[in-house]
Amino acid sequence: MQFQQLQYFVAVAETRHFTRAAELVHVAQPSLSQQIRALERELGADLFLRARGNITLTDAGEALLPLARRILADMDTARHEVQELVQLRRGRVRLGATPSLCTGLLPDVLRAFHDRYPGIRLLIEEGGSHDLVRELARGALDLALVVLPLPTPAPALTTVELLREDLVVVSSPEAPVPGRGGRAVEIPDLEGERLVMFRHGYDLRELTVAACRSAGFEPDFAVEGGEMDAVLGFVRAGLGVAVVPRMVAARAGRGLRVTPLARPGLHRTIALAHRSDVAPPRAARELQRMLLER
C-alpha cells in the first residue's frame, strides 16, 4: 500500500468523481484509476461502486476512509516536524529591534543563540518601534523588540512584556556632575543642561522630551539627530548630557559618568512582538524562548 494510493483514494471518496479527483491531486485521470485498481487488488476488495455518473463507497471503502485520512494526516505531521527540526540546522530569523536594544540586550542573547544554532542566519533590522511595527505587519520581520505602549494601535500583533528598564543620565567625567551635583538627577534639573538628543523616530527622544514638557520646560539641545553610538560619542566629547537606558550605559565602557534619575525616574517597557495571524518559524520561536528566559 502506497501513500500516493491513499491520497488518490481519499480524493475520489471526497469528490465522488474520478476526473475531478485527478485534477485535485494534479495527476492524469488514467493514472489515478490505475493506482486505485492496484490498491483494490492489494486489499482484495472493491472500494467504489462505479455506476455512470454515480461513484459511491463500498463497505470496504467506508471502513478504509477514516483510516486513510488519519494516515495522511500523520504523514503531514511527520513532514512538518522534520521540517521544523531542519529549520534549526539552517534557515534564518528576521529580528527587528531598537538601536538601544541592539547595543544593550541583544549581544549576549544572540551569541548564545548562535552558539546553539550556528546554521541559522540572524538578520537584524534596527529602527524605532513605529517602523518595526510596520515591518512586522507587512511580513518583513519574524519578531521585533519594541517599546510599549506602541505608537499606533496594532490589533494584528501579539506582544509579550520582556522587561522594564530604568533610564539614566550619562555625561562626560570631565564635565560638572549634572543637576545639583547629587547622587541622582531630578527631571527639572535637566532644564539647566544641554542635551545630546537622538533623531526623530527614536522612542527615547519622545520619552525624554515628554518628561521635560511635563516638568514645565522645553529641553535645550546641544546636538540632535544622532544614532545611539553617535550620541554616546558626543557625550564623551563633553558636548552635553543624554538620557539613555541603563543597559546601554553599563555596556558603554569608560569615558562616561552614569547618574540615576531620582524617583519616580523614567522607565521604558520592552516587549517582544510578532504577528497574531502567522506563527513565527521554528527558529524564530526558539529565539523568542531564549529572550523570554534570558
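Residues are numbered from 1 along each chain as its sequence is written, and side-chain values use heavy atoms, with hydrogens and water left out. Because the model is predicted, local features need pLDDT of at least 70 and side-chain atom pairs count only at pLDDT 80 or more, while totals for chains, interfaces and linings use all residues.

I begin with the helices. Helices here are DSSP runs of H or I with at least four residues, strands are runs of E with at least two, and both are numbered from the N terminus. Helix 1 (residues 3–15) packs against helix 4 (residues 59–87) at an angle of about 125 degrees, and their axes are 9 Å apart. The axes are lines fitted to C-alpha atoms over the stretch in contact, with angles running from 0 to 180 degrees between N-to-C directions. Helix 1 is therefore oblique to helix 4; angles under 35 degrees count as roughly parallel, over 145 as roughly antiparallel, 65 to 115 as roughly perpendicular, and the rest as oblique. Contact means heavy atoms within 4.5 Å. Among the contacting residues are F3, L6 and F9 of helix 1 and G61, L64 and L65 of helix 4.

I turn now to the aromatic residues. The structure holds four aromatic pairs. Rings of Phe, Tyr and Trp (its six-membered ring) pair if their centres lie within 6.5 Å; planes under 30 degrees apart count as stacked, over 60 as edge-to-face, and the rest as tilted. One of the pairs, F113 with Y117, is tilted, at 5.2 Å centre to centre and 55 degrees between the planes. The rings of F198 and Y202 are stacked, because their centres are 4.7 Å apart and their planes lie at 5 degrees. F113 and Y117 are both buried, where buried means under 20% relative accessible area, exposed over 50%, and partly exposed in between, with a 1.4 Å probe and protein chains only. F198 and Y202 are both buried as well.

Finally, two individual residues. E40, in helix 3 (residues 29–43), is buried, with a relative accessible area of 7%. Its side chain makes a polar contact with the side chain of R50 at 3.1 Å; such a contact is a pair of N or O atoms within 3.5 Å, and within protein one must be able to donate a hydrogen and the other to accept it, while residues adjacent in sequence count only if both atoms are side-chain atoms. S172 lies in the loop between strand 6 (157–171) and strand 7 (194–198), and counts as buried at 3% relative accessibility.
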